[in-house]
Amino acid sequence: MPDPILKPEELQPAAELARKTLEQLDRILLGRQEVHRLVLIGILSRGHILLEGLPGLGKTALVKTIGQILKLDFKRIQFTPDLMPGDVLGTHILQETSSGKRELLFQPGPVFTNILLADEINRASPKTQSAMLETMQENCVTLLGTTRPLPQPFFVLASQNPIELEGTYPLPEAQLDRFLFRVMFDSVDAGVLDEIISGRRRGELPAPTWQMERGELETLFQTMGRIYLPRPVSRYIARLVSATHPGGTEATGPVNKYVSYGASPRAAIAIAEGARANALVAGRPSVGFEDVKVVAQPVLNHRLILNYQARFDRMTTSKLVTELLGQLDETGLNLPKDVELATA
Amino acid sequence: MKSSHPAALQAFARKLEYLLALRAVVQTATVWFFVWGVFVLAMRIARVQHTEWLATGLLGFAPIAMLVVLRGRRRLPGFAKVRANYDRLNACGGVIMAEEAADMSAWQAQLPEAAVPKFHWHSARPLLLLGLSALFAATAQLLPERLTQLRSNHSLEIGQLVGQLQVEVKTLAQEKIVDEKKADELQRQLSQIQKDSSGYDPNKTWEALDHVKQANADAAKQAAEEAVAKTESLAQAETLAKAMQEAAEAGMTEATAAQAAQDLAAMLNAAKLEEGILNGKIPPELLAGLNGLNKEQMDKLMKALEFNKNSLGLTVSNLASLKMIDAATLAKCQNAGQCHNPGALADYLSTCTNGCNAVALAEGMRLGRGGPGGGGPPAPMLWDNDTSEKDQKFQEHALPPPAHLSDAQLVGVSKAAPELSANDIAAGHGALDNAAASGGSAHAQVILPEHRQTVQTFFKRDGK
C-alpha cells in the first residue's frame, strides 16, 4: 500500500530544509540560482550530476559548498589522461600484519566517500572512466571478487570541459546515461562578476552559516519518497521519453530528422524523480507538469544521440528537447486544432 | 473562492463538452447543408416536379446533429484528462490531479484562486463555411428553374404565338373554313411544336410555326376571296330580286318575270352558296318556286339573301380582327356588292318585252345615274373593252429616208465659172462655201489663182 499523500504539516519541514540549503548556496555562490536548484534536485533524487562548462566557472566550488552544507564526506579526483582505475576505486597492497604475516590489504580509493568530485572527468581515458560505472549505478566497488559497498548517500558530481577542448575524451554513452542531470555552466553576467570581485577577497568563498544534519538529510529523502506522482503526469513523462525515439508515434519532425537514438527508460525514471524533487523544493505534495518541464532539459540533453545531419544543421539536444516540450500536449487531451485552451 | 476548485473543474468540463458539441453541430450542419444542396440541385436538374418539399429536408440536420453530439459525448476526453488540464492551466502543481488518489482538501488553501480556464475556438473559418453551405443550400432551393435547366433543352417563349395560332385555327373551324378534323390536326401540331420547341434549335420551331401560320393565312385568304365572290353573287341576286319585285309592281310581263326568275335561280345555283364558308342557305322551297313567289315570299327570299350576305361579312370581319386577311382584302370584301342599282334594273325589266338578259345586266351593269347635270339616260358602265383612242392621241409616223448623192441625176455641165451674186460673195467663206442647205448637192470648189499652179501640179501625171 503506498504511503499516504503528504499533509502540509508533514511537507513543510522538508521544504524548509530545501529552502535553507538553496539559500546557503545562493549566498555562497553568486549568480547560479538555477544551477543550485538543479543540483539540489539531483541530490534529493539521489542522482549523479555532470557539470559541464569552461574552466573557472565555479564547478568545483559548487561541489565543495554542497559538501560543506550537507556535512557529507567529500573527496576529489582530478582526472588526468594517465589516471588508472585503481587510482579511483582503490587497490590491494601487500602489507605485513602485526602477526608478521604478509597479506593483500585493500586500500580504498577516493570513490569511497559521500560526495565525489570527479573533476574534468573527460580528461581521463575511457578505461578509467568506465571504472566509475559500477560505483555510479550499484553504489559499490568490486575488486578481486570482493564487492564493497560505498558509503551512503553517494553522489558523483563530475565536471567536464566541453569536448571541443584539447585532450578530452568523450564519455561513453553508458556512463553518460548514469548521470541524472547534465547541468550547463554559463558565464555569469557583469553585475555578478562585480559583486564577486568587490565582495570576495581572492575569490574565497564564505563559510556556510547553516549546515544540514545527517538526520535532516534522511528526512528529506523520506519526504521525497512520499511526493505523489499523478497518473497523467507519469503518462506525460512516458510519452515525452517515448517521443525522443525517432519513428515513435509522438515523435516530432525534428526528432525523426536528427535523432539516432532516443532516451533510455533510465531517463524516464530520472525525470520522475527529478520532478518529485522539484515539487518538494516548491513545497508541493504532488508532481505537476511544470515540474517535469523543469527537469526534462537537464535529464534529456545528454541522453539523445544525434546523427550527422544534426551536426550539419547545428542542431543541439537542448533545442530538440525544447521543441519537443513545446509540441507535446501534456495531458493528451487531443483537442481539435482550432480549439485552444488558455488560463483564465 | 479557493474552495470553488471542484465547481470550477465541473464548469470547465461542461464548457469543454458544450464547445465540442457546438463544433460538431456546426460541422455537421455545414456538411448537411452542402450535401442537401447538392441533392436538391440534382433533383431540380433532373426535372423533378414540385421540389418545394425539399426545403423541409434542411431540417434533417437536426436529428443527425443530435446523433453526432451523442457520439461525440462518448468520445469526450476522460475526466482525468480534463482534470489534468484544469490542474495545468490553474498552476495547481498536481494537487488537483492528486485528488484521484486522496482527499486534498488540506491543500486547497495553498492553491491559486480557482478560475475556469478559457477556450478559444477559431470559429471564423467553420462559421464561414457554414454560412457558405447554408447559402448554397438556399440557392439550390430558390434558384430559378431556367437556371437549373442549363444543360437541358430550353423551350422557346412561343406560348403567345402558339395561342394566337390556336385561336386562328379555332376561328377557321368555327367559320367552317377548315373542317373539324383538319382543325384538330392543326391544334395537335401546334401543341407538339410548343412541346418540342428548343432554344438550341429554334429554326425548326419557327419554320413549323410559319408553316401553320401560312396555312391559316392561305385558308383565310381563300375564304375571303370566296366571301367576296359570294357576297358579289348575293348582292347581284339581291339586286335582281329587288328589281323583279319593283318591276312586277310596274307591270313586268309574265315572260320577263319567268325569265328573270329563271335567271335568278340560275344565279343562286351558280353561286354555290351552300358550299364553302357560308353558314346559311337559301330555303329550297323558295329556290324551287322562284317563278311563282308572291310578295311575302320574295321578302323572305331577300331576307335570306341579306342574312347570308351579313354572315359572310361577319366571317370576313372575324378574319380581319385576327389579322388573317390584309386591309385590301377586307376593303374588297366590304365593297363587294355595292353600287348596284335595282331601280334601273327594274325599269329595264318592266320595259323589256322580249329577250331580256337580266343576269347580264345584274352582273355587268352597275348603272350610273349620269353626271351632275343629269346627263343622258342611264348607260351601262362596261369595263370589258378598251375605249377607242382614235383622234384622241398624237399619231406617230415614220419619215422617208433622205436622198443620197449617189442617187442624184446629172442635169448638165457648165464650163463657165458660175456667176456670183453679191450675197454669194458675202457668204463665201471656208470649204463649204456655196454648199446648198438641202438636197445634199455640192458645187465645185473655187480655186484661187495663187493655188491653181499647185493643183495642176498635183493632177499632172507623168507620161500622159
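This is a predicted model: local features need pLDDT of at least 70, side-chain atom pairs count only at pLDDT 80 or more; totals for chains, interfaces and linings use all residues.
Let's start with each chain on its own. Chain A is built from 15 helices and twelve strands. Of its 344 residues, 42% count as buried. Among the contacts in chain A between residues at least 6 apart in sequence, 76% bring together residues at least 24 apart.

Chain B has 17 helices and one strand. Its 464 residues include 25% that are buried. For contacts in chain B with a separation of 6 or more, 74% come from residues 24 or more positions apart.

## Where the chains meet

Turn now to the contact between the chains, to which chain B contributes 30 residues and chain A contributes 31 residues. On the side of chain B that touches chain A, the elements giving two or more residues are helix 1 (5-45), helix 3 (79-89), helix 4 (95-98) and strand 1 (118-121). Helix 3 of chain B gives the most to this side, with seven residues. By residue type, the side of chain B that touches chain A splits into 18 nonpolar, six polar and six charged residues.

Strand 1 of chain B also takes part in strand pairing across the two chains: this strand and strand 12 of chain A (residues 339-342) run antiparallel and are linked over four bridges.

## A hairpin in chain A

Chain A has a hairpin worth a visit too. Strand 6 (residues 140-143) and strand 7 (residues 146-149) of chain A are antiparallel, with four bridges joining them. One of the pairs to look for is T142(A) with its bridge partner T147(A) in strand 7 of chain A. Two residues lie between the strands of this hairpin, and L144(A) takes a positive phi near 50 degrees.

## The largest nonpolar core

As background, nonpolar side chains tend to be buried together in soluble globular proteins. In this model, the largest nonpolar core holds 107 residues, and the members that touch the most others are I271(A) and L280(A). Helix 12 of chain A (residues 265-282) supplies the largest share of this core, ten residues.

Which residues does L280(A) touch, not counting those up to four places away in sequence? The partners of L280(A) are A14(A), A15(A), A18(A), L44(A), T223(A), M224(A) and I227(A).

Notes. Residues are numbered from 1 along each chain as its sequence is written. Chains are lettered from A and ligands numbered from 1 in the order in which they are written. Two residues are in contact if their C-beta atoms, placed from the backbone, lie within 7 Å. Ala, Val, Leu, Ile, Met, Phe, Trp, Tyr, Cys and Pro count as nonpolar, Asp, Glu, Lys and Arg as charged, and the others, Gly among them, as polar. Two strands pair if DSSP finds at least two bridges between them. A nonpolar core is a set of buried Ala, Val, Leu, Ile, Met, Phe, Trp, Tyr and Cys residues joined through C-beta atoms within 7 Å. A residue is buried if 20 or more other C-beta atoms lie within 10 Å of its own, exposed if 12 or fewer, and partly exposed in between; C-beta atoms are placed from the backbone.
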